[in-house]
Amino acid sequence: MDRKGLAQIIYQICTVTLVAIVVGAAASLAAIGFVESVHYLNGQLLISPYARVLAEGRPLLVAAATLLVPAAGGLVVGLIVHFLIPERRGLAPPDAILAAQTSGPAPGFRSGLASSFAALVSLGSGASVGQYGPLVYLGAMFGSLAGRLRLNLRHQRSIAIACGVAAAISTAFNAPIAGLVFAHEVILRHYSLRAFAPVTVAAATGYIVANVIFDRPALFLVSFDRVEHSYEFLFFAVEGVLCAGLAWAFMRLLRASTGAARHYIAWPWARPAVAGLAVGLVALWIPEVMGIGQETLRFATIEGAFGIGELGLIIIAKLAVTALCVGFGFVGGVFSPALLIGILFGAFYGLVLPYLIPVPHSGLVVYAICGMMALASSVIGAPLTTILIVFELTRSYDLTIAAMVAVVFSNLISYRVVGRSLFDLQLRAWGFDLSLGRDKAILENHRIRDYLSREFTAVDESESVGGVRQRLVDDHRAEAMVLEETGALLGVIRVQGVLNSPAAMPARDAMITSFTTFDEDTSVWDSMDMLRGFLGEAVPLVSHSGRLLGVVPEEAVIRAYLEIVHDLREEENEAA
Amino acid sequence: MKRLSAFSVVFTVAGLLSLPASLHAQAGRDDADVLTVATWGGAYEESQRRAYFEPFTEATGIAIKTVHYDGGLRELREQAANNRPEWDVIDMIQSDASAACQEGLLATIDPRILTPAPDGTPAVEDFMADAIQPCFITQIVFSTVIAFDNRAFPGMKPDSVEDFFDLETFPGKRALRKSPAGLLEWALLSLSVPREQLYDLLSTRRGLELAARRLDGIRGSILWWTSGEEPVELLTSGQAAMATGYNGRFFHARAMEGAPISVIWDGQLIGFNSWTIARASKRAELATEFIAFATQPARMAAQASLISYGPTRKSAQQMVGLHRDTGVPMRPYMPTAPAHMGRAVIRDHRWYSQTVDLREQWFLDWLGQVDQKPQ
C-alpha cells in the first residue's frame with residue numbers, strides 16, 4: 001500500500017471516530033437535558049404524582065392543573081408547530097430515516113429545535129405521547145449537522161445520523177447495545193462495518209455520558225428468577241399474537257384520530273389544545289392516562305397492584321387518549337405509550353390466564369414484560385432492539401428469551417397485517433416505500449430526470465418525411481421527436497415506420513402518438529417498470545406542461561439502476 | 001447643683017453598669033438556669049447526656065432538663081396554641097423540623113453560631129449538604145432498621161425486608177412503630193419496588209392501597225411500639241421475633257448488653273435528626289448557646305463514640321474511633337458504612353413533611369379496617 005493510501009485510511013478512521021464521539025456526546029447530553037426538563041416541567045406543572053401529592057392540601061389547585069395544563073400545553077404546541085416549523089408538524093423518527101436513506105434536503109436545524117421544544121412542552125404538560133421519538137430526532141438532528149461538515153467521508157450524513165440516534169437511545173435506556181442495534185435496524189436498514197464501527201463508538205459514548213451524569217431510575221427494574229414451566233412459552237407466543245392485534249388496533253386508532261382532527265377542527269393550531277382538554281377530563285377520573293406514566297409502568301409488574309377490570313379500563317383509556325394526542329398534533333412519539341399499554345396488557349393477560357387455563361405459571365412479571373416488548377416492537381418495527389432492551393435492563397436470560405418469543409410472534413403477524421412499523425407506514429404515505437426493502441425505496445427516491453440526455457433529433461410537425469429521414473441518417477439515430485412550435489412533444493417518428501412513406505408527407509401524419517414518456521417526477525424504479533416491452537431507442541421526458549426536456553436512452557435507465565444498486569451494495573459491504 | 005449632678009452621673013453610670021448583671025442574676029433566679037430539651041429517651045438520650053448535656057452544664061452552669069418526645073408536631077402545636085411553652089430545644093426528625101418550620105413553630109437559628117472545624121474549615125463546608133437550614137441544624141444520621149431475635153430463628157435467618165412480611169418462613173410477632181412512617185416504604189420494598197421509585201409510587205393512591213394490602217398480610221402479628229427503647233425490650237423479652245427500630249438502640253443492646261439481636265441492613269431507612277428551638281421558648285438565647293455547643297465537632301464525635309449514629313460534620317466523622325466504654329470499633333455500625341448503603345433508602349424529608357395529614361389519614365383508615373386477608 002502506498003503512503004498516500006495509508007494516510008487516507010488513517011485520516012478516515014480518525015475523522016469518523018471523532019465525528020462519532022462528538023455527535024454521540026452531543027446527542028447524549030441533549031437527551032439528558034430533554035428528559036430532565038420533562039421531569040422538571042412535570043414537577044412544576046403538577047403532572048407527576050409526586051408533585052401532586054405535595055400539593056395534597058390544595059385539591060382545587062390539583063384539579064385545575066389536571067384540567068388546564070394539558071390544554072394550555074396543547075395550545076402552545078399548536079402555535080409552535082404552526083408558526084415556527086416550516087413542515088407544520090413535529091419531526092419524528094421517519095424524518096431521521098429519510099434523511100439517512102436519501103441525500104435530499106432534510107428538515108433544517110431550526111425546524112429540529114422548534115420541534116424538540118414542542119415535544120418538550122407536550123411531554124411536560126402531560127400529553128400522552130412518548131419521549132423516545134423526540135429523542136431519536138434530537139440525535140438525528142446533531143448527526144445531520146455533522147453530516148454537513150466538509151470532511152470528505154463517504155456516506156457521512158447517514159453514518160452521523162445513525163451515531164446521534166444510537167447515542168440518544170443508549171442514553172435514554174441506559175442500553176448501549178440496544179442503541180447500536182436500533183440505529184441499524186430502524187435508521188440505516190443494513191449492516192456494514194463502515195457504519196457499525198462509528199455507531200458503536202457513539203453508543204458507547206452515550207452510555208458513558210449517561211453513567212457519569214444521568215441519574216434517572218431505569219425504565220424497569222424487575223426481579224425474575226426463571227420461567228418455571230416449558231409450556232409457558234406457548235402462552236408467550238399467544239400473547240405475542242394478541243399484541244399484534246393490539247398494535248393493529250393502535251395504528252388504526254391513530255389514523256382515525258388524525259382523520260377526525262382534520263375533519264372536525266379547521267384550525268390546525270387549535271387541534272392539540274382540544275386533545276389536551278380531553279386528556280385533562282379523562283385524567284380527573286383516570287389519572288394514569290397523563291404523561292409518560294413511569295409509576296403505572298412499575299405497578300404493572302407488581303402482583304396485586306391492579307384488579308382485572310381496572311386494568312382493562314386503563315388500557316382502553318390510555319389507547320384512546322394516546323391516539324387522540326398523537327392524531328391531534330401533540331409532538332411526541334408512540335414508543336413510550338406503546339410500552340405502557342403493552343405492559344398493562346401483559347399484566348392483564350397474566351391475570352386472566354389462570355382463569356382460562358388453570359395450570360401453574362411463573363407469575364405476573366414475565367407476562368407483563370412480554371406484552372410490553374411485543375406491542376412496542378410491532379409499533380416501531382424493531383424486534384431486535386426491544387429484545388436487547390429487555391436483556392440490558394434486566395440481565396436475565398430467562399426473561400429475555402420469553403420476551404423474544406412474544407416479540408417475534410407479534411412481529412410475524414403485525415408485519416403481514418399492518419406492515420413493518422408505524423414509521424414505515426408514515427414513510428410510505430410520503431412516497432418512500434420501504435416495504436420491499438431499501439432497493440425499491442431508494443430507486444423510487446431517485447429521479448430518472450438526473451440521467452436526462454439533450455442529444456436527440458427534434459423535427460417540426462410540418463417537416464417532410466424525406467427531410468426527417470435524411471436528418472436521422474446524418475445524426476445516426478433511429479428516432480426523431482416531433483415538436484410543436486412551442487416545444488411541446490406531439491409524437492415520435494421511428495425510422496422503421498417511415499422507410500416506405502412518401503417523402504413529401506408531413507411529419508405530423510407519419511408520427512406515432514402512442515408511446516412511452518417519462519415526466520419530471522418519474523423515479524428510476526418507475527422508469528424500469530415502464531420500459532417493460534419498450535422497443536425504441538430512448539424515452540422522451542416531458543415537463544408537466546408537455547414540453548420536451550430531453551430523452552432518456554434505454555442504456556441510461558440500466559446505468560441508473562446499476563449505479564444506485566452498486567452504491568447500496570458498496571455501502572452495505574464496506575469496511576471502515 | 002453641679003455637685004449633685006456629678007454625683008448623680010456617677011451613680012447612674014454605676015447603676016447602668018450593674019444593670020445587665022442584675023438582670024442576668026434575676027433571670028437566672030427565676031428560671032433556675034434550666035434549659036428544657038425534648039428528646040427521645042433510652043440509650044440515645046444517655047449518649048446525649050454524656051456528650052452534650054453534662055459537659056454543657058459543666059461549662060456554663062446551666063442545667064438541662066429532658067422531656068420525652070416521640071416525634072410529630074402535636075405537642076409543639078398545642079404549646080404554641082396555648083402560649084404555654086414547655087420546651088426550649090427539640091431534637092426533631094428532619095421532616096418534622098421542616099414541617100414545623102413551615103408552620104412557624106420554630107425560631108430561626110443564626111448559622112454564625114456554628115463553630116468552624118478544628119482545621120479552620122467553615123461550618124458550611126464541614127456540615128453535609130443541606131444540614132444548615134433557617135430553623136434547624138441537622139446533626140446526626142440515624143437509621144430505622146429491621147432487627148430480629150436470633151433465638152426465634154435457630155435455622156435460617158431472615159435477611160431482607162421481604163422476610164419481614166414472610167410469616168410462613170419466619171413466623172413470630174412483628175414489632176412496628178405505631179406511626180405512618182417506615183412501614184409504607186418497607187411494604188413496597190418487599191414487593192421489589194426499586195428504592196429510587198419508592199416515593200413516586202407512594203405518591204399515588206394506588207401505591208398507598210398496595211402498601212395497605214401488603215400490611216394486611218401481617219396485620220394479625222403486629223405489636224405496636226411508640227417509644228424508641230421499646231423494640232429492644234420486645235425483642236429481648238421474646239415477645240417479638242422481628243422488630244423495626246433505631247439502629248443505635250439495637251447496637252447498644254447488642255454491644256453493651258449482649259442482647260441476641262441481629263440487624264438486617266436491607267432496606268434501612270436513613271433519616272436525619274436536627275436541633276430546633278421552639279418559637280414560643282422564652283430562653284431562645286440559652287437554647288442557641290446550647291446548639292452552638294452541641295454542634296462542635298468534638299462534642300458530636302463524643303456522641304458517636306457512645307451510640308452508632310453518624311455525625312453530620314466531616315471533621316466529627318473523622319474523630320470517631322472506638323466505643324468509649326467497650327472499645328468496639330464504631331464505624332462498621334454506622335448506618336452510613338459503605339457496606340450498608342447499597343440497599344439503603346434515604347428518607348425523603350420533603351415528601352414526609354408535605355404528606356403529614358395524608359399519611360396520618362391513611363394510617364387511621366388502615367387501622368380502622370377489618371382484616372381483609374388476601375386469598
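In this predicted model, 16 residues of chain A contact 18 residues of chain B. Two elements of chain A, α2 (49-54) and α12 (294-299), each give two or more residues to the side of chain A that touches chain B. The biggest contributor there is α2(A), with five residues.

**Chain A: overall**

- Chain A contains 23 helices and six strands.
- The C-alpha trace of chain A extends about 100 × 65 × 50 Å along its principal axes.
- Of the 576 residues in chain A, 52% are buried.
- Among chain A contacts with a separation of 6 or more, 77% are between residues 24 or more positions apart.

**Chain A: the β4-β5-β6 sheet**

- β4, β5 and β6 of chain A make an open sheet of three strands, in the order β4-β5-β6, with mixed pairing.
- At the edges are β4 (518-519) and β6 (548-553) of chain A, each of which pairs on one side only.
- Strand β5 (residues 538-542) of chain A is antiparallel to β6(A), and the two are joined over five bridges.
- Within this sheet, A:Pro540 is opposite A:Val551 of β6(A).
- Helix α23 (residues 554-573) of chain A packs on the sheet and touches β5 and β6 of chain A.
- The direction of α23(A) makes about 70° with that of β6(A).

**Chain B: overall**

- Chain B has 17 helices and 11 strands.
- Of the 375 residues in chain B, 47% are buried.
- For chain B contacts between residues at least 6 apart in sequence, 76% link residues at least 24 apart.

- All five residues of strand β3 (residues 89-93) of chain B are buried, so the strand is largely enclosed by the rest of the structure.
- In a regular strand, side chains alternate between the two faces of the sheet.
- B:Val89, B:Asp91 and B:Ile93 point one way from β3(B), while B:Ile90 and B:Met92 point the other way.
- The residues on both sides of β3(B) are buried, B:Asp91 included.
- Strand β1 (residues 34-39) of chain B pairs with β3(B) in the parallel sense, over two bridges.
- Opposite B:Val37 stands B:Val89 of β3(B).
- With strand β9 (residues 261-277) of chain B, β3(B) pairs in the antiparallel sense, over five bridges.
- B:Asp91 has B:Trp275 of β9(B) as its bridge partner.

**Chain B: packing of α2 on α11**

- The axes of helix α2 (residues 42-60) and helix α11 (residues 247-257) of chain B come within 8 Å and cross at roughly 90°.
- A crossing angle of 65 to 115 degrees counts as roughly perpendicular, and α2(B) and α11(B) are therefore described that way.
- From α2(B), the residues making the contact are B:Gly42, B:Ala43 and B:Tyr44.
- From α11(B), they are B:Gly248, B:Arg249 and B:His252.
- Sorted by class, the residues of this contact between α2(B) and α11(B) are two nonpolar, three polar and one charged.

**Chain B: the two domains**

- Chain B is divided into domain 1 (10-141 + 273-317) and domain 2 (142-270 + 337-368), each made of two segments.
- The C-alpha centres of domain 1 and domain 2 of chain B are 30 Å apart.
- Across the boundary, 17 residues of domain 1 of chain B contact 18 residues of domain 2 of chain B.
- On the domain 1 side, the elements giving two or more residues are α2, α4 (94-102) and β5 (136-149) of chain B.
- α4(B) supplies the largest share of that side, with four residues.
- The domain 1 side that touches domain 2 of chain B consists of eight nonpolar, eight polar and one charged residue.

Key
Residues are numbered from 1 along each chain as its sequence is written. Chains are lettered from A and ligands numbered from 1 in the order in which they are written. This is a predicted model: local features need pLDDT of at least 70, side-chain atom pairs count only at pLDDT 80 or more; totals for chains, interfaces and linings use all residues. Two residues are in contact if their C-beta atoms, placed from the backbone, lie within 7 Å. A residue is buried if 20 or more other C-beta atoms lie within 10 Å of its own, exposed if 12 or fewer, and partly exposed in between; C-beta atoms are placed from the backbone. Axes are lines fitted to C-alpha atoms, for helices over the stretch in contact, and angles run from 0 to 180 degrees between N-to-C directions. Angles under 35 degrees count as roughly parallel, over 145 as roughly antiparallel, 65 to 115 as roughly perpendicular and the rest as oblique. Ala, Val, Leu, Ile, Met, Phe, Trp, Tyr, Cys and Pro count as nonpolar, Asp, Glu, Lys and Arg as charged, and the others, Gly among them, as polar. Two strands pair if DSSP finds at least two bridges between them. Domain bounds come from an automatic or database domain assignment.
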